[in-house]
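Dear colleague,

I am passing on to you the structure shown below, together with an account of what was found in it. Please read the notes beside the sequence and the coordinates.

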Amino acid sequence: MNLLLLSNSTQHGRGYLEHALDTVTGFLPSGARLAFVPYALADHDAYTARVRDALTGAGIDVRGVHEGGDPLTRLGAADAVFVGGGNSFRLLSALYRTGLREALIKAVRGGLPYMGASAGTNMAAPSLRTTNDMPIVEPPSFEALGLVPFQINPHYLDPNPGSTHKGETREERLREFLEENDVPVLGLREGSWLRVEGERAVLGGERDARLFRRGAPPRELAVGSDLSELLGVRGEFDTRS
């Protein structure tokens, strides 16, 4: 498969996709017809226009899957697909409702390049269980696309030792996930991404990532790390240690 999985689409102080634009335009060559999936936000037209404005200068033809009829037809006519960020529960619910979930799995496994950001990156994992989002709607299942066999936590935040907030840190929440599930979780900090080409996966971007596994301390991963071994894991859900 050919995947570009971004932690975030907007970096502090920069425009939409600006922090990763060279990588994005290398992934999506000039002239590509890009099917954009805007369902993680409520205003599909405005969201699509934002993506179009960011990529038109690179010669990429952005077409919202909601524009002009059947989303499956729009996907079928594309050279690549971009699933944007927003609320992961709303996004997954829409993928089930429109039939795009099964269509995306088939198309991407058949070679269609897939780019995700935030919620769109969550969709590439087997399950929605490691999203940071509030369940504002109830999808038919937490089962996502399963393009990679491990979980991803976009926007990963390190614990702040000086904070007076008494809620769970992101690390504590991921440890709770691993108490119930035996599946690695890749914590992508802001500005980082995962590039998957066939049997190879490499960490890219501006910041290191963090890998969580059951029964082991979290491990820091430097930009450029080869994470191909994760493509061969076989995760188990709903199992206690």
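A80 is buried, with a relative accessible area of 3%; buried means under 20% relative accessible area, exposed over 50% and partly exposed in between, with a 1.4 Å probe and protein chains only. This is a predicted model, in which local features need pLDDT of at least 70, side-chain atom pairs count only at pLDDT 80 or more, and totals for chains, interfaces and linings use all residues. Residues are numbered from 1 along each chain as its sequence is written, and side-chain values use heavy atoms, with hydrogens and water left out.

A80 belongs to strand β4 (residues 80–83); strands (E, at least two residues) and helices (H or I, at least four) are DSSP runs, numbered from the N terminus. Not counting residues up to four places away in sequence, A80 touches L28, R33, L34, A35, L112 and P113, where contact means heavy atoms within 4.5 Å. Between the C-alpha atoms of A80 and P38, which are 42 residues apart along the chain, the separation is 14 Å.

S127 sits in the loop between α6 (119–122) and β6. Leaving aside neighbours within four places in sequence, its contacts are N122, F142, A144, Q151 and F237. A polar atom of the S127 side chain also lies 3.1 Å from the backbone nitrogen of R129.

I turn now to the sheet. Four strands form an open sheet of mixed pairing, in the order β6-β7-β10-β11; two strands pair if DSSP finds at least two bridges between them. Because β6 and β11 (219–221) stand at the edges with a single partner strand each, one side of each has no neighbour in the sheet. From one strand to the next, the twist averages 25°; axes are lines fitted to C-alpha atoms, for helices over the stretch in contact, and angles run from 0 to 180 degrees between N-to-C directions.

Strand β7 (residues 185–188) is covered on both faces, with V185 and G187 buried on one side and L186 and L188 buried on the other. Three bridges pair β7 with β6 (residues 151–153) in the parallel sense, and Q151 stands opposite V185. Helix α7 (residues 170–180) lies across β6, β7 and β10, at about 30° to β10.

Yours sincerely

Methods
Polar contact = N/O pair within 3.5 Å; in protein donor to acceptor, adjacent residues only side chain to side chain.
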